[in-house]
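Hi,

Here is the structure I promised to send over. Have a look at it first, and then read on for my notes.

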Amino acid sequence: MILLFFKSIIIGIANIIPGVSGGTLAVMLNVYDPITEKIGNFFLVDRKTKLSYFWYLLIVLVGAATGIFLFANIIKYSITNYPKITVSVFTLLILPSIPYIVKGLDYKKKKNILAFCCGAALMIIFILLGLKYGDKTTGAVTIQIAKGVCFTRAYRLKLFICGIIAAGAMIIPGISGSLLLMMLGEYYNVVYLISSLASSLKEKSFSILLPLITLAVGVGIGLVAFSKAINYLLKNHKEFTLFFIEGIITFSIVQMWLSI
């Protein structure tokens, strides 16, 4: 169990670095199949088995959370003081992961090209909507916290949805959940929230807890809901699904540079 805890810390650190897949690290560390199996079948097994699943997943959760909290402050410092350098490093991490997603698949097949174009088109729509309606201030939430402004219900709903989507990405090898958060315009805000948690609690300021809990609930629901759905898509429509995701990720690099 101690070894599982340290493996989970590594997976947590991977999940907070855009372009680095926590799912891939889980595969490399030989814990991917046990984690997805226990998440997907948690509500289907008997009580005794469910208890053993619970303790296994709790260790994974605590370990991953530890890795995320340890690394969040480093990300916060680098993006605050060296935004262009940080985004450049993220880009270099993301680029090699793009061909890895569809490694061994036929990229010349019309169906796969269509899937890539659909994913790319979806991402371009997100970018255009962000340019027209989005907040031009990268650190909008950071400013709100500093001023003591409460988080709106609309923003908490967005965090909840982002948590669900990111969780779905986390369990796919080769796909980065933090990259999808960046695509949705919430990566830097989430990193700020996580890195500021300890100092906020020390100052007895609990306003930061509500958005983090909202995000965590979204992640939890996403892990359970997406584990079976994604496994189904990868088993029955693997090539289309992976090329669609690759289209999204390829054009998300544009979104990442527009955010600084």
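At what angle do the axes of helix 1 and helix 4 cross? Keeping in mind that this is a predicted model, the answer is roughly 45°, with the two axes coming within 6 Å. That angle makes helix 1 (residues 2-15) oblique to helix 4 (residues 47-81). The crossing is right-handed. On the helix 1 side, the contact is made by Leu4, Phe5, Ser8, Ile9, Gly12 and Ile13. Helix 4 contributes a list of residues that includes Tyr56, Val60, Gly63, Gly67 and Phe71. By residue type, this contact has 11 nonpolar and five polar residues, and no charged ones.

Helix 4 also meets helix 3 (residues 32-40). Here the axes come within 10 Å and cross at roughly 125°, so helix 3 and helix 4 are oblique to each other. This crossing is left-handed. Pro34, Ile35, Glu37, Lys38 and Ile39 of helix 3 touch Tyr53, Tyr56, Leu57 and Val60 of helix 4. Seven of the residues in this contact are nonpolar, two are charged and none is polar.

Thr214 counts as buried because its relative accessibility is 15%, under the 20% cut-off. Its side chain reaches the backbone oxygen of Leu210 at 2.8 Å. Leaving aside residues up to four places away in sequence, Thr214 touches Arg156 and Phe160.

Best wishes

Key: Residues are numbered from 1 along each chain as its sequence is written. This is a predicted model: local features need pLDDT of at least 70, side-chain atom pairs count only at pLDDT 80 or more; totals for chains, interfaces and linings use all residues. Side-chain values use heavy atoms; hydrogens and water are left out. Buried means under 20% relative accessible area, exposed over 50%, partly exposed in between (1.4 Å probe, protein chains only). A polar contact is a pair of N or O atoms within 3.5 Å; within protein, one must be able to donate a hydrogen and the other to accept it, and residues adjacent in sequence count only if both atoms are side-chain atoms. Contact means heavy atoms within 4.5 Å. Axes are lines fitted to C-alpha atoms, for helices over the stretch in contact, and angles run from 0 to 180 degrees between N-to-C directions. Helices (H or I, at least four residues) and strands (E, at least two) are DSSP runs, numbered from the N terminus. Angles under 35 degrees count as roughly parallel, over 145 as roughly antiparallel, 65 to 115 as roughly perpendicular and the rest as oblique. A crossing is left-handed if the near helix is turned anticlockwise from the far one by less than a right angle, and right-handed if clockwise. Ala, Val, Leu, Ile, Met, Phe, Trp, Tyr, Cys and Pro count as nonpolar, Asp, Glu, Lys and Arg as charged, and the others, Gly among them, as polar.
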